[in-house]
Amino acid sequence: MLRRFPERMKPTDASNPDYFHKVVDCQWACPAHTDVPEYIRLIAQGRFSDAYMENRQSNVFPGILGRVCDRPCEPACRRGRVEDKPVAICRLKRVAADHRDDISDRLPTAPSQKNGKKLALIGAGSASLTVANDLAPLGYEITIFEALDTTGGLMRTNIPRFRLPPNVLDEEIGYILDMDVDLKLNHPIDSLKTLLDAGEYDAVFVGTGAPRGKNLEIPGRYDSENIHIGIEWLESVAFEHVDAIGENVLIIGVGNTAMDCCRSALRLGAKNVKVMARKPRGYFKASDWELEDAEEENVDIVVNHSPKAFVIEDGKLTGMRFEVMEYRIDDNGRIDRGTVVDEVTLPCDDVILAIGQDNAFPWIERDIGIEFNDWDCPVVDETTMMCSRDGVFFGGDAAFGPKNIIWAVAHGHEAAISIHKYCQGEDLNDRLPRGVNLATQKMGMHEWSYSNDYNPAARRLMPHVDLRERFKNIDIEVELGFTVEQTVAEVERCLNCDIQTVFTAKLCIECDACIDICPTACLTITHNGEEADLRTRLSAPAENLEQDLYVSAELPQTGRVMVKDEDLCVHCSLCAERCPTGAWDMQKSTVLLPYAADEAEAAKDRSGSSAA
Amino acid sequence: MSYIAKPKVAHPSLKRNKLGLTTRDYEGAVSTLCAGCGHDSVTAAIVQAVYELDIEPHRLAKMSGIGCSSKTPAYFASESHGFNSVHGRMPSVTTGANMANRDLTYIGVSGDGDSLSIGVGQFLHAIRRNLNMCYMIENNGVYGLTKGQFSASADVGSKPKKGQPNQQEPIDPVSVALSLGATYIARGFSGDKAQLVPLIKGALKHGGFALVDVISPCVTFNDHEGSTKSYAHTRQFYHHVVDMDYVPPAAEIRAAYEEGSAMPVELHDGSRIVLRKIDGDYDPTSRAAAFKYLRQRFNEGEIITGLLYIDEERDEMHDLMGNVDRPLSELSLDTLHPGAAGLGKVLGRYK
């Protein structure tokens, strides 16, 4: 029986670069859009240096991020929807970094002939370093001003050495500084006005992070020296200004900084460390894997305790009072403000406050044309990264508040494009669009250029240094990195989501072969309709609204349409193998992301063609 | 064919039948037929049908002869019984199996070569016996395994890939079955599972010989212009005459039917088939009328599909022979074997 629908879905426009990009869930979720499946395939082939360079192109710090990235890619990973656990993407990134050969001759270099434009980058963290990485090879003369006596910003001061060894930082930061970048350490900028008025620089980039740890204004806060602000304390530990702590330590807050604080405290002599959470589990800010690592070290995570006062006896911190909370959680998982049901005092020698960070710009005058918002943060354009004063750019935590390293890198790339266009007198908003390249992966009758068979292996677990060994020294890196066997197994878990199923409607004879073979019931031939209706009429209902339907043009024999629900496709290629006419083909989509160098190249092409 | 097997991973919200099985549990080995073969769609339809009927895999027997079609029992219900017999001899082997164990559900998968050429005698006599089985013919008009010569079901004027058009009259299994008194006669198309799956379900539940003739295009040797068994030709000329729904025992008839067009038929086990007449003049319970209608439309080049004839009254083989209700395979040797004295007594009757 033919049903008629007033609304029909239009055929999917697969030439829109975002369509297939979205199918590559990990790459789409990554702020820097690292081509994850591509580098995992390179690792699978043992091409670690190539995998490292593929990473470096987009995320600049593969060795660092392979250890401490916030991994927005992993919760997005399709494998997590098809079965339980996502691919261990971050761990594989570290494999590429750990096993690469000397790649120094493959790095971009700065030309000896400069382009006459001078840039000041304030702060030597991930955002500024990314800007330098993108612009030094174009001939910009770059000066980085850093207040501390070392590089890396929060990556070095706030992430403990047992998670991120200093030599990893030095090596990857060194690659950038070696591009003729002038680094001025111990050189805080106290006045942006002075710097701008001197007129020495064509553009200024602010990558100073979110350097102020939030305080907790409750009774007793200023009556003891043993109450510390988390990020300041971590910095003192990093610089070895602090090398001991009391036996009983309470950490207030349950974000990733709290995890670093509790684990650092254990290495400085604490015996009994409690992380005090105001809310129940499931409402913590810390990443699951950081929680797991802390709990493995016997850190006690205490839920539903809200800080009330510090207990000071004879001028000495002896404990802390908490209100014990009870919460109601509704069916949608929303939690109420809670009610106090009890009050307790926990003994302690030290307290570390890890309840968040704020931006702080005491060194930016408020009368130099830089607009600040209600939260006392500069107003920054999300595309161009420029503030309301021309020629001043922001990135990383300094731009929109605390995020993470991979966001800082993404900001750095965008800011570099803007700085380049600004210095060359081009329109900042007229940016090169993203592109997509599609290439068939067919090698023979049933042969594809990638490992298409679904491997049911479970996610590999990161091996750790023995619990007795690891506390001997704060320098001992806890995670050992994947073994060869683990790497070989884990790479095969990747579903190659960038090898796309591309459909050509006019070739289809509607034999149903693809529908019959699809293991995850992604495909349907049916009468067209509006999306909400179509989603209910497929081989399996398409309930994940975040995932698109791939809708074909009308099929030649019946006028119906082929519909693919992208949600659970495992990219096994069987639809294409069973297709007698080649209507389905497996094609690798490469997302083309423009960087500053591409803008420079495009400008060269424009002037070349206008001259001709 | 494909080099990799269909991955075991499945859609997480796949539905389970009364036995707790999913359609994936009724699959078999990966097909080695050509990509796009109609037979693979028929296989998928059989998987769907046995899943929906909650058939326990070990209570299903898959029977076949030789040919592309006859390979397909390897591609579904891998936990079931199977017998891949000599070319064209599937009906005899099924007769024997059914004689020994009448409690299993028998599905024979054959082709136009296996059933209409080498095995045509076997096919005819299985119909006459009213053997209780679902007999599928995957009908593509050519011998695929031997590179595409015309089979006995090729239409007059149908063009081969190379060479002269066919000039011999085709054997139409549906007309043959009608003339011999088959009790369930259906025709479907591999490219129309919505119609095909209920036809197979009805055939599996019918108490007697059930023929399902399926136009199943040979994508390699008979899917070109000028072929009368191609996907495009079949889609252009096929007509649903009587569609049907299978309603399990004790279930309510839920779907709304237009008055006059719906006709419920009760099967031996209390389940029902609701016939939906697309062409109001057609009577699927009259052999003479059905035969006349089919020949008329056949001469006009139309491919008539649906449940074309049904007769639930006629006795099946075991009833005709007066056999015991219990499967012979379950009877003890003492019961089955008369012994020397008993045998002598029986023989004595004929002296």
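Author: Pairing first: two strands pair if DSSP finds at least two bridges between them, and strands themselves are DSSP runs of E with at least two residues, while helices are runs of H or I with at least four, numbered from the N terminus. This is a predicted model, where local features need pLDDT of at least 70, side-chain atom pairs count only at pLDDT 80 or more, and totals for chains, interfaces and linings use all residues. Residues are numbered from 1 along each chain as its sequence is written, with chains lettered from A and ligands numbered from 1 in the order in which they are written.

The part I'd zoom in on is strand β1 of chain A, residues 118-122. Four of its five residues are buried, so β1(A) is largely enclosed by the rest of the structure; buried means 20 or more other C-beta atoms within 10 Å of a residue's own, exposed means 12 or fewer, and partly exposed is in between, with C-beta atoms placed from the backbone.

β1(A) pairs in the parallel sense with β2(A), residues 141-145, over five bridges. It also pairs in the parallel sense with β4(A), residues 203-206, over four bridges. Ala120(A) shows up in both pairings: it stands opposite Thr143(A) in β2(A) and opposite Val204(A) in β4(A). To get from β1(A) to β2(A), the chain passes through helix α9(A), residues 126-135, in a right-handed β-α-β crossover. Right-handed here means that, with the strands pointing away from the viewer, the path from the first strand over the helix to the second runs clockwise.

Gly209(A) is buried, with 25 other C-beta atoms within 10 Å. Pro402(A) sits 193 residues away from Gly209(A) along the chain, yet their C-alpha atoms are separated by 7.5 Å.

β21(A) and β22(A), residues 561-565, are joined by three bridges in the antiparallel sense, and Val551(A) stands opposite Val563(A) in β22(A).

Now for chain B. Its secondary structure comes to twelve helices and twelve strands, and 46% of its 351 residues count as buried. The contact between the chains takes 23 residues from chain B and 28 residues from chain A. On the chain B side, α1 (38-52) and α8 (231-237) each supply at least two residues, and α1(B) gives the most, with four. The C-alpha atoms of chain B fill a box of roughly 70 × 55 × 50 Å along the principal axes. Among contacts in chain B with a separation of 6 or more, 71% come from residues 24 or more positions apart.

Key: Contact = placed C-beta atoms within 7 Å.
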